[in-house]
Each structure stands twice: as C-alpha cells, then as structure tokens.
Amino acid sequence: MADSASNGRTVRRGPSFLTASARVFDLSIGQMLWSRRTIFLALVVGAPVALAILFRVLDIMGFAGMRVGSRTIQGPTIFGIFIWMLYLRFIVPVLGVFYGTSLIADEVEDRTVTYLFTRPIRRGAVLVGKYLAYLVATALVVLPSVMLVYFAVVPIGGGGLAGTFPALLTDLAMLGLGLAAYGSLFAWIGAQLKRPLVIGLIFAFGWEQIVMLIPGYLRRFTIAYYLQGLVPHAMPQDSTVSFLQSVLRDVPPAWTCLVWLAVIWAGFLLLAARVVERKEYVLEQ
Amino acid sequence: MTAAPIVESTQLSKWYGQVSGLNDVSVKVPGGVTGLLGPNGAGKSTFMKLMTGQLKPSKGTIRVLGEPIWGNPDIFFRIGFCPEQDAFYDRMTGLEWLTALVRLNGLSEKEADAAARRALEVVDLTEAAGKRIGGYSKGMRQRVKLAQAIIHDPELLVLDEPLGGMDPIGRRKTIRLIREWGREGKSLIVSSHILHEIESMTSNILLIHNGRILAEGNVHQIRDLIDEHPHTVHVRAASPRALARLFLAYDDVLSLKLEEDAVMVQTARPDEFYTRLTALVASGEAGEIHEVTSPDDNLQAVFHYLVK
C-alpha cells in the first residue's frame with residue numbers, strides 16, 4: 001500500500017489493523033497450539049472427560065446414580081453441573097489467566113517481540129492477533145472436551161441426546177463467550193501489570209469466588225455473574241443445593257448479561273491494545 | 001550540500017531506573033556504513049534499540065531517516081533490524097518464519113514466499129530453508145536473523161553484533177554482504193566490540209563508552225592504539241589440540257590457552273590472524289571450527305586509555 005507524500009517521496013502504509021491482526025494470528029496459532037502450556041491445557045480439560053467417563057461406566061455397571069433426596073439426577077442435569085462448576089467456574093478462568101496474561105509477556109520473556117515490533121504494523125494489532133490465536137487454541141481444546149462429556153454424561157439415567165442438543169449449543173456459545181471475556185480481561189492485566197499471573201489468579205479464584213457467594217451488588221464486578229445468567233440448565237433441588245440455587249437465582253436477564261459481556265470483552269481488549277501501543281518493553285539481556 | 005543524516009539524536013538519554021544506558025548523546029550519523037564500536041555494556045544495544053523504536057527516550061529526541069521513530073510503525077518499511085539476542089520461534093522452519101514476518105509488511109502469501117526464498121539465498125541458507133530453526137547452528141541462526149532484516153529491502157539496516165557466534169567463513173561472507181549493501185547505496189549501522197570486524201566493513205565509526213559517544217570519524221586514528229594491545233580470540237573447534245599446534249607456528253601469536261573444546265589465542269596482529277584462520281577453515285586442515293568469538297578485554301583497555 002502506498003500514498004504520495006507532499007515531498008514527492010512515496011509513503012508506504014502498512015496493512016490495516018485487522019489484516020495485521022490476522023497475520024499475527026497466522027504466526028502465533030501454531031506456536032500457541034504446540035507450546036508447553038497446551039500440555040497443561042490438555043490435562044485441565046481432560047479431567048472432566050475422565051470424570052464423565054467414570055460416571056458413565058458406573059451407570060452402565062448398574063451402580064445407583066446420583067441422588068438428591070429420593071430423586072435420581074438425570075444425565076442432562078449432571079452435564080449442567082459439569083458446565084457450571086467445572087468449565088465456567090474453573091477451566092475457562094484458568095485458561096484465561098494462563099493464556100491471556102502471557103500474550104505479550106511470553107514474547108517479551110522469549111525476546112521475540114522485537115521481530116513483531118519492527119514491522120510496519122501497529123503494536124495493538126500484535127496483541128489482537130495473539131488474542132485471536134488464544135481464542136482459537138483454547139476453543140479447539142475446550143469445545144471437543146465438552147462434546148465428549150456431553151456424550152458420556154447426558155445418557156445417564158435415561159437422558160436423551162436429541163432433546164438436550166439445543167442446550168449443548170447454548171453451552172458451547174456460553175463457553176466461547178467466557179473464553180472471550182476472561183481472555184480480554186487477562187490480556188489487559190498481562191499488558192498493564194508486572195506480575196499479571198498472580199493478579200489474574202487472585203481475581204479468578206479469590207475475588208470472583210468470594211464475591212459470588214455474597215449477596216449484593218459486588219458480584220456485578222465479576223465475569224462469572226454475567227455468565228451465570230446464561231446457564232440454561234435447571235439445578236437439582238435439595239437443602240444444600242437449594243442454598244446455592246438461591247444464590248445463583250439472583251441473575252440479570254440474558255440480554256443484560258450478553259450486553260455486559262460484550263462491554264467487558266470489547267472494553268478490556270481495547271484497553272489492552274492501547275497499553276501495548278504505548279508501553280515500552282525492556283528486554284532482559 | 002551535505003546529505004541528510006540517517007540518524008539524528010539530540011541530547012538523547014536513556015535510563016533503566018537508576019541505571020544510565022545512554023547519556024546525553026547528540027550525534028548525526030551520515031549515510032553509508034557506520035560502525036558503532038564499544039565494549040560490552042557501553043550502550044550500543046540501547047542506542048540501537050532507541051533508533052529502532054524499541055525503547056522510548058528518557059530525555060532528548062531521535063529521528064531516523066528524517067522521521068520520529070517511536071510510535072511510527074510505517075517507518076519499518078524503510079528499516080531492517082537484526083537484534084543481538086539469539087531468540088526465535090524454534091519450531092518454525094527458516095522459510096516459514098521469514099514468510100510469516102514479511103507478510104506483516106503487507107505482502108501476499110506468494111510474494112512473501114518469494115521474498116523469503118530470496119533472503120535465504122542471500123544469506124546462504126537455501127538448503128536449510130525447510131529445517132526447523134531450533135536445529136540451526138549458531139551461525140545459521142545469525143544468518144536467518146540477518147535474512148529477516150533484509151527481506152523487505154530496506155534503505156537502512158541496523159545490525160546489532162551481526163557476526164557474533166559465526167564461524168570464520170560465515171563472518172567473511174557476512175562482512176562481504178555488508179560491504180556490498182553499502183556499495184548498493186543502503187545505509188547500515190553495525191555494532192561490534194571488535195575493531196577488526198568494524199574495520200573490515202567501514203572506516204566510519206562511532207566510539208561509544210559508558211553511554212556516551214567518545215569519538216566519531218575515521219577508524220584509522222584509533223587503529224594504532226588498538227594494535228598496541230593484544231587481541232584475544234576464542235575459537236571453539238572439533239579438534240582444539242590440532243588447531244593449537246597450527247597456531248603455534250604463527251609469530252603473531254603471543255599466547256595460547258587450551259580448553260576442552262576450544263583454544264583461546266592472544267594475537268598481536270588480528271588482521272593476519274583472522275585471514276589465516278579463514279584460510280585454515282576453508283582448507284579443512286584444522287578440522288571443523290564451530291564458533292569464533294572475541295572477548296572485549298582488549299577493547300576495554302583501549303577505551304580506558306582513551307577516557308583517561
């Protein structure tokens with residue numbers, strides 16, 4: 001791309017922000033998928049699959065299913081618990097923290113960021129490209145894991161796959177939103193702060209966990225609160241779970257959740273890109 | 001009319017917290033090949049990072065090719081930077097890496113592939129194009145780094161210690177390339193802590209020490225000073241004993257120290273020594289030579305003399 005400047009010299013313009021992001025994505029996706037972190041990621045998402053298979057084997061062998069009072073919990077409900085308790089409250093934030101905070105930090109630590117920052121593209125595009133690579137890499141591992149859990153767990157207690165399929169699609173979309181929102185928040189934390197991993201872990205497993213159990217407005221300062229409003233599954237009823245249910249019931253309508261998640265996603269991604277544009281990264285010698 | 005400087009800094013300073021990396025540097029670097037010479041820790045890399053927009057000045061200004069550099073990505077069409085650090089995406093092949101990087105300059109997949117192959121050919125890595133960078137030798141890694149700097153045919157090349165870790169033949173070829181690029185009209189700023197290296201590329205140097213530019217101009221004036229101090233060369237080789245035996249026959253060799261996989265030599269006449277070493281490698285007489293480096297003790301001594 002070239003423009004003519006007033007002094008007669010041809011001024012070349014770099015690729016657009018989106019094109020540059022897409023090209024950084026191309027460069028980064030392979031690195032991200034085959035990194036040591038992916039082994040950790042595989043272990044994290046493999047755990048629910050192993051647990052689901054165990055439940056299914058016990059069911060096939062005729063062991064009594066999970067019960068709440070006199071009622072046997074059906075497969076779709078168990079699947080719902082997997083989605084909420086394991087994926088949304090644990091796996092998605094873990095992935096967001098570990099990948100999101102390292103988008104730029106890894107390049108700086110490996111001292112490869114120089115090659116990206118000496119090309120005619122905006123530095124913000126480097127962050128966005130790497131963020132897109134994070135989204136695809138995590139989705140490629142998390143979503144198949146959810147599918148495996150779905151096929152293993154839903155038939156337990158005679159649950160049907162066909163009837164619950166729309167809920168599965170909602171779950172997959174919700175997980176995608178969770179990865180996007182957490183990734184965006186932690187990308188900003190990673191770009192802005194010196195010890196992003198510690199801060200990220202404190203946010204995901206300190207602040208969010210505690211605040212979600214306290215009634216009141218504070219929970220609105222979490223991502224889990226808005227994701228919770230999108231959970232399509234009915235939870236089982238008993239005394240303990242009823243308490244949780246009462247806590248979980250305080251959720252805004254789905255459209256409000258979607259709007260807030262979009263605001264969190266776009267807001268923090270823009271902030272992260274802005275930080276990377278302006279910040280000076282000093283490489284260790 | 002004098003040609004516009006390619007790099008112009010005014011009272012440029014850079015601090016890392018309390019540590020000064022560069023101190024009040026005002027300099028105009030002319031076009032052509034310029035050597036930035038100084039011992040390790042002198043501020044060469046800091047200056048190069050400032051002139052490639054990696055760092056933001058703490059004080060003062062720097063303009064490159066007439067434009068500000070910080071926050072000006074479009075200028076990287078005109079600049080190629082070969083950093084000092086030995087850092088890569090090791091899982092990628094040389095061709096994949098170069099193609100991916102030059103696509104960031106806006107080239108299509110096909111154009112990028114062609115540009116990458118051309119750059120690999122220039123640095124003599126065509127045969128290793130499909131090999132993972134993680135499997136490259138130190139010299140090959142230096143050369144692929146050089147390839148990413150030249151791949152988009154920039155007007156100005158900033159090369160931070162480009163010969164570090166190369167074998168003698170690689171050094172000779174790279175020096176020849178740098179001289180060719182200079183003759184073709186490109187401007188180059190090349191850093192090194194070895195006068196001999198810089199001298200073989202250009203006579204125009206900037207002497208840097210303790211974050212300050214000590215002198216600028218013709219290399220020959222400090223040449224005599226350098227010659228008064230013995231030059232140390234560290235040669236890592238497959239057969240260091242055989243190599244040491246050959247070195248002993250040279251009258252310019254002042255001392256030899258044998259290590260497990262290397263020989264440390266002190267020579268009074270580095271030019272002759274390097275020329276003979278290159279010939280030795282080419283003949284295969286001395287077996288395989290993996291790496292030639294030079295500690296900067298000798299240059300440190302000269303700088304201490306200059307600043308006294």
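Begin by selecting chain B, which contains ten helices and 14 strands, where helices (H or I, at least four residues) and strands (E, at least two) are DSSP runs numbered from the N terminus. The radius of gyration of chain B, taken over C-alpha atoms, is 20 Å, close to the 19 Å that the globule rule gives for 308 residues, so chain B is as compact as a globular protein of that length; the rule itself is 2.2 Å times the number of residues to the power 0.38. This is a predicted model, in which local features need pLDDT of at least 70 and side-chain atom pairs count only at pLDDT 80 or more, while totals for chains, interfaces and linings use all residues. Residues are numbered from 1 along each chain as its sequence is written, and chains are lettered from A and ligands numbered from 1 in the order in which they are written.

Most residues other than glycine have a negative phi. Is Q11(B) buried or exposed? With 12 C-beta neighbours inside 10 Å, Q11(B) counts as exposed, the limit for that class being 12 or fewer. Then move to D24(B) in strand β2 (residues 19–29) of chain B, which also is not a glycine and has a positive phi of about 55 degrees. D24(B) has 15 C-beta neighbours inside 10 Å and therefore counts as partly exposed, the class in between buried and exposed.

Now select both chains to see where they meet: 26 residues of chain A are in contact with 23 residues of chain B, a contact meaning that the C-beta atoms of two residues, placed from the backbone, lie within 7 Å. On the chain A side, β2 (10–12), α1 (17–33) and α5 (113–117) each supply at least two residues, and α1(A) gives the most, with five residues.

Finally, select helix α7 (residues 161–192) of chain A, whose 32 residues should span 46 Å at 1.5 Å a residue, which agrees with the 45 Å between its end C-alpha atoms; the expected span is 1.5 Å times one less than the number of residues. Look also at A167(A), on which a kink of about 30 degrees in α7(A) is centred, the bend being the angle between axes fitted to the seven residues ending there and the seven starting there.

Definitions and conventions:
Buried ≥ 20, exposed ≤ 12 C-beta atoms within 10 Å, placed from the backbone.
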